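Let us read a structure together, one feature at a time.

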Amino acid sequence: MEFRQLECFIAVAEELHFGRAAQRLCMTQPPLSRQIQLLEQDLGVTLFERSSRQVELSAAGRRFLRDARHLLEYSARAAAIARRTSGGEAGHITLGFTAVASYRLMPSLVVRARKRLPGVDIQLRETVSTDLSRLLVAREVDAILARSVPQQSGIEARLIEREPLVLALPAGSPLCAHAVVPLRLLQGQPFVLYSPREGKYFYDRIVGAFGLADVQPEYVQRASQTHTLLALVRAGLGAGIVPDSARELRLEGVEFRPLGQRDLYADMYLAWHAQHDNPALAAFLTQVAETA
């Protein structure tokens, strides 16, 4: 059974006339009749009841007409999807990210991508920063949103966000009276810090900034995740420094202030394998480059 035979059958079934069906298909009547005969032989049924005056569908022909239409529609849809996939308009990608990226950046990227690439399924995989590089190198994800990029040949990256680090304070802290808080005012103050392992990126930047400013807070607790750190701040354990996007959590009892240290910021990169064969990923990277 061939698609051309199905096209011939549908034309005859809808016209109920071999001559008109042949004209519709831009062919002569004998080849059309031959295609119908071959189809009936292949199926082992009679599709048409023929007489010298008229052509009618048999019971088997009426039932087969519905399925034949579905087969042609499905084949056309499959071909269209294949073309869209080849052009990056369809397919899927897996995007790895950390919890902090989910506060602001990741949702905005996904929303824009879904508007511009509605046929691309974006699967999201949240994990800690230390695992993102491993997942990308192992090709378990197509791309990652990460603070640092794996130092490995074949990995490409693009800086897509640079956000300031801000001071998180318990509501009612005397430091809330300042519109901008210089680092020197944190000298000896109770301070909640990121973990040097799970939160290494922020730990290094914050501790480094304190060192350069010759400021020594009183480190009272460490936390691996931003939302945990903010919960400790809200409980009154101390102040903390977090990325500006943490404001999106809108925790009651926590106030944010800019820091006097203007060069204290956090970068976010989009990283991927330079050698990949996923057209959907290429389309995603293009639209990120256009909007980042």
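The dialogue below takes up domains, a surface patch and cysteines.

Q: What kind of model is this, and how are residues numbered?
A: This is a predicted model: local features need pLDDT of at least 70, side-chain atom pairs count only at pLDDT 80 or more, and totals for chains, interfaces and linings use all residues. Residues are numbered from 1 along each chain as its sequence is written, and side-chain values use heavy atoms, with hydrogens and water left out.

Q: Into which domains is the protein chain divided?
A: Domain bounds come from an automatic or database domain assignment. Here they give domain 1 (3–83), domain 2 (89–160 + 268–288) and domain 3 (163–265). The centres of domain 1 and domain 3, taken over C-alpha atoms, are 73 Å apart.

Q: Which residues form the nonpolar patch on the surface?
A: Nonpolar side chains (Val, Leu, Ile, Met, Phe, Trp, Tyr) are joined within 5 Å, like charges within 9 Å. Areas come from the Shrake-Rupley method with a 1.4 Å probe; for residues, only the protein chains shown count as cover. The patch here is Met1, Phe3, Leu43, Val45 and Leu71, together about 410 Å² of accessible area.

Q: How many disulfides does the count come to, and why?
A: A disulfide is a pair of cysteine sulfur atoms within 2.5 Å. The count comes to 0, because the sulfur of Cys8 is 12 Å from the closest cysteine sulfur, in Cys26, too far for a bond.

Q: Is Cys26 buried or exposed?
A: Buried means under 20% relative accessible area, exposed over 50%, partly exposed in between (1.4 Å probe, protein chains only). Cys26 is exposed, at 75%. Cys8 is buried, at 0%.

Methods:
Patch = residues over 30% accessible without salt bridge, like charges linked within 9 Å, V, L, I, M, F, W, Y side chains within 5 Å. Salt bridge = Lys/Arg side-chain N within 4 Å of Asp/Glu carboxyl O.
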